[in-house]
Amino acid sequence: MFENVVQGIFSATFLAAILRVATPILLPSLAALISDKAGVIHIGLEGTMLAAAFTGVALSAYAQQWFGPETGRMVGPWLGLVGGVAIGVLMALLLGFLHLRLKADLILAGIALNILGSAGTVAIMFELTGDRGSTSRLASLTMPFITLPTFIRDIPLIGGFIYDVFNNQSVMTWIAFIAVFVVWFMLYRTPFGLHLRATGENMAAAQSVGIRAIRTRYYALMLSGALAAMGGIHMSMGYLNMFQRDMTAGRGFIALATPLLGGGNPYGTAAASLMFGFFDAFAIRIGTLQIPSQVPQMIPYVATVMALVIYALQTRQTQRFRALRATGVGSARTWRTLQSLSVLHVLLAMFAVIGVILSVGLFAAPNGFGGLAVAYPWGAVISLASLMLIGVNWPFIARLERILEQPILSAAVTISSLTIYLALFLLLFFSPIAALLGGLALSLLLWAALGGLGLIVGEKLKLHVST
Amino acid sequence: MSQVSATRRLGLPTLAALFALLVAAFVNIRLFGGSLNDLIERVANTADSASILFVNLLVGLSVGLFVWQLSWSALRVVLTVIVALLFGFLFTMSFNLDAANQYIQGAFEVRVLSEAAPPEGDADLAYGEEKGGEFNKPGVRNPLREAEYTFLGSANDVVSVLAYAANRRSTVNLEVSLRDAQGAELASANSVSEAQLARFGDVLRFRNPNDAVIEDFTLPADGLYTVHVRPEPLTTPIILAESFSATRFAYETFLLGALGRVNRWAVWIQDATTLIFVGLAIAIVFRARQFSLGAEGQLYFGALISGVLALNLGTFSPWLVIPVAILSAMTAGFLWGLLPGMLKAYLGANELVSTLMLNTVAIRFYELILTFELKPPTAGYIASAPFPANGQLPPLVAETQVSIAIFMAMAAVLLVWLLIERTPLGYEIRMVGSNAKFAAYGGVNTRRTIMLAMAVSGIVAGLAGAHLSMGIHRMLIINISLGLAFEGVVVALLARNNPLVIPFTALLYAYLRAGAQFMERDANVSFEIVRIIQAIIILLITAEALAAFFQVQRAAKRSAVSPSTDAPQKEAGAHV
């Protein structure tokens, strides 16, 4: 059972699945990024995605009636895409009009758009199909899947792997990853992008140098609506082949968090979206294990909250780090080590949150995990271990200087925590002792690679921290 | 001058009291029937009528509070709701555009009657025989749109051609014509008169006014004739009229359905009680200008904790079980609100995203416990066992879910009002809400305030959960709430986040929600209409410059007439 899951995770099909499930997060994430950069964060992404997903399905189904089955099947998906994007742009225009012209609160108007998208799709679906759950009665189409030329498989070593990952992906997935580059180019290499960013930084200043800030914000919202709509189209015409009530399941909200995590640029956003794709695909994959399906279903949402926390902690660490560096003297290498180690402490503590949640599940619903006799001991072990991991790392997160003041303690904490995680991971492949030793060796290597040794034996930094 | 202020001071409360009495009287009259005698008799015959009258008095009271607290703004709230309802009417009408289709679909039969002897020969019909089919059958690939039947006739035969609905359910509106062998139309009809209905009563036994009869036509020659029958084509006025009347029927159920019977009234009141809690929860965070929608998750935890206690403490006295369960639900809500509060206050995590994510986590956790711990092994669906009687909120009105939760709601309204208007924390919440930087400058601990606002809001949301589990469902079910946090947003916004107005807006919105349920049941219009109306209400309320926008439009029109102001306006436009 475990072996299946593990093999699944390290296969090309799993990477392909990550790309597939990351697409409906990546497209709205880019949408959130653009609107955020322009200073008008588009909260209505979720509703936009739903409206576009439904429009695409309905149009592609009716295209077959309008144009006959042959032509219908050809133009249907593209008609759906165009219609969905048009709806997304229209909803964004509505939001823009309400916020920019009628001075409506951006967030509340966005919430209203979400309700409108969720309710409107269900109401119209009920009208068209008499079904409130899904459009399974409509013979809707999917966007074409792109088949790679077979010569790629003949490339030595990596060819087969690449072929398996990228072959037969929806055209929307390709569009999504191309859009990352397009958005980057637009934001950082065109006058419009400059205007957009300037408007977001300071609207009055932008206006004072002649930028049409209001118009720029309208354009930003429209672009953002179009991107979110494409994400919705992928949900109903690629990820699945029908529309389901509230099928986006919060992806439009997760997308609001990814740009933060990605450092506010398109490539970082893409990386963050892939991370969420990984969590999503992972949740689907371990759904095959005999554990309650609710636990893996929590993963993407917990990951989002954790991402918000990690981002916030890291921002705080960076500020703290800058303040320290301004007062202290030392080589650049030592400072770099300090920064990496502080980030490592944050990550090590945050991963333990998953353990806490798992142990809460074990304690609260032992029947789901094979009865009291199994669940409680495991719950006790996991919760103690997780709390300990958070507890030992916390002092170094709360006071960055401790890493310098007590380098040996910091090293012990870092290496032991890392060993636990890595050993747990290696346990999936090797015997316990081998896993423990391997984990220890890897942790030592990583710690040394970050320059931890330098802090212990090297120069001591002189800090002039005023109390 | 003192006289003026005295009238001012008394005028509004008097008006409010008047409205309160009017609404209470209206609700009672709708509920119990028309004339005074009827009313007294039915009140006497209804179980727990005193409680019903008391609750209706509270309904009136909340209307009075609404008028008193909001004065002129109340008018804007009412207008907003009316405009949103009109939008909803248009949506419903567009959904009902197919209402006229009933006249072009249905089973029909055709019969040719004659006294004369039928000629020998091969044809579809002989005199006195019937043939039929079904027009535009739904879900059929190539539906029947028109039908033709042949019959043989002799010269000077007097025939009557009858086309009629074949069963009681069929409402098809028929049009029939008689054609000769060359296809030329000899006679046609699309209606049936009273006399014809009487004459052919044994054939037209359903007395459908949409049937069509060609009466006593004398055939010109021997030969083959064709009866051509089809549904009367629809015209735009018919489609619009049908759609309008179907929508009017739907809206009648929507707007008055909740007052039809006591059990429907109870659906309204119990839903309003939940919405009061949720609306209060949202109003507290909105007062601090935190867009937290965590009420949903807090509600799930409140329901879970109170449900578990109600199930397991059933042997104890209800005086112990209910307070303990309610307090635990409040605590659970507090803690689940504290978490995003801390994340926001101390780490700056966006509260909208974090609460929505935590909601899903809470819901999954609830489902986990429900599925694996609380579901009886024999149950075929995922739900806990029904709570023992000691674990249910005692009902006020027998056989309904209107329970003592109403008193809890009254207390909650008062306490939240006290908290916001009369305590230091409330003052800080209002300060942070109006300007967080200024509040910090003035010495308010904004982090603590934000955190506590979100946590205190969780207390009230937890109460909503306790009400859902112990008062309404009286067991734990999956999807115990479907997006109630969003309903709370509209309730709080309509009330302008004023706790004293929330009972009214909750009642108003619950009235629409209950009406929408009955509309879906009785008129087959999707319940989601009410959520569309909800979205429109939020949009209209937040669009602060809406009134100004229309004034500007009018001013622009007026100025466009006078040429003198035209030029400078254009110039001004170029700068924008």
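1. The contact between the two chains draws 39 residues from chain B and 42 residues from chain A. On the side of chain B that touches chain A, at least two residues each are supplied by helix H9 (318-347), helix H10 (351-374), helix H15 (484-494), helix H17 (529-542) and helix H18 (546-561) of chain B. The largest share of that side, 15 residues, belongs to H10(B). By residue type, the side of chain B that touches chain A is made up of 25 nonpolar, eight polar and six charged residues. Please keep in mind here, and in every point below, that this is a predicted model.

2. Chain A contains 18 helices and two strands. Its radius of gyration is 25 Å, close to the 23 Å that the globule rule gives for 467 residues, so chain A is as compact as a globular protein of that length. The C-alpha trace of chain A spans about 75 × 65 × 50 Å along its principal axes, and 47% of the 467 residues of chain A count as buried. Among the contacts in chain A with a separation of 6 or more, 75% are accounted for by residues 24 or more positions apart.

3. Chain B contains 19 helices and eight strands. For chain B the radius of gyration is 33 Å, well over the 25 Å that the globule rule gives for 576 residues, and chain B is therefore more spread out than a compact globule. Along its principal axes the C-alpha trace of chain B extends over about 105 × 85 × 55 Å. Of the 576 residues in chain B, 48% are buried, and residues 24 or more positions apart make up 78% of the contacts in chain B with a separation of 6 or more.

4. How are the chains divided into domains? In chain A, domain 1 covers 2-289 and domain 2 covers 306-457, and the centres of these two domains, taken over C-alpha atoms, are separated by 34 Å. In chain B, domain 1 covers 105-233 and domain 2 covers 262-498, with 65 Å between the centres of the two, again taken over C-alpha atoms.

5. The largest nonpolar core has 313 residues, and the members that touch the most other members are B:Phe277, B:Val278, B:Leu280, B:Val460, B:Leu463 and B:Ile538.

6. Helix H16 (residues 407-426) of chain A has 20 residues and reaches 27 Å from its first C-alpha to its last, which is close to the 28 Å expected at 1.5 Å a residue. Which residues of H16(A) are buried? They are A:Pro407, A:Ser410, A:Val413, A:Thr414, A:Ser417, A:Leu418, A:Thr419, A:Ile420 and A:Ala423. These buried residues of H16(A) pack against helix H13 (332-364), helix H14 (372-398), helix H15 (402-405), helix H17 (432-449) and helix H18 (452-457) of chain A.

7. A:Gly439 lies in helix H17 of chain A. Is A:Gly439 buried or exposed? It has 23 C-beta neighbours inside 10 Å, and because 20 or more are needed for the term, A:Gly439 counts as buried. Not counting residues up to four places away in sequence, A:Gly439 touches A:Thr419, A:Leu422, A:Ala423 and A:Leu426. A:Phe151, by contrast, is 288 residues from A:Gly439 in sequence and 40 Å from it in space, C-alpha to C-alpha.

8. B:Phe504 has its place in helix H16 (residues 502-523) of chain B. With 28 C-beta neighbours inside 10 Å, B:Phe504 counts as buried. Leaving aside its neighbours within four places in sequence, B:Phe504 is in contact with B:Ser62, B:Val63, B:Leu65 and B:Phe66. The C-alpha atoms of B:Phe504 and B:Leu494 are separated by 9.4 Å, the two residues being ten residues apart along the chain.

Terms used: Residues are numbered from 1 along each chain as its sequence is written. Chains are lettered from A and ligands numbered from 1 in the order in which they are written. This is a predicted model: local features need pLDDT of at least 70, side-chain atom pairs count only at pLDDT 80 or more; totals for chains, interfaces and linings use all residues. Domain bounds come from an automatic or database domain assignment. Two residues are in contact if their C-beta atoms, placed from the backbone, lie within 7 Å. Helices (H or I, at least four residues) and strands (E, at least two) are DSSP runs, numbered from the N terminus. Ala, Val, Leu, Ile, Met, Phe, Trp, Tyr, Cys and Pro count as nonpolar, Asp, Glu, Lys and Arg as charged, and the others, Gly among them, as polar. The radius of gyration is taken over C-alpha atoms; the globule rule is 2.2 Å times the number of residues to the power 0.38. A residue is buried if 20 or more other C-beta atoms lie within 10 Å of its own, exposed if 12 or fewer, and partly exposed in between; C-beta atoms are placed from the backbone. A nonpolar core is a set of buried Ala, Val, Leu, Ile, Met, Phe, Trp, Tyr and Cys residues joined through C-beta atoms within 7 Å. The expected span of a helix is 1.5 Å times one less than its number of residues.
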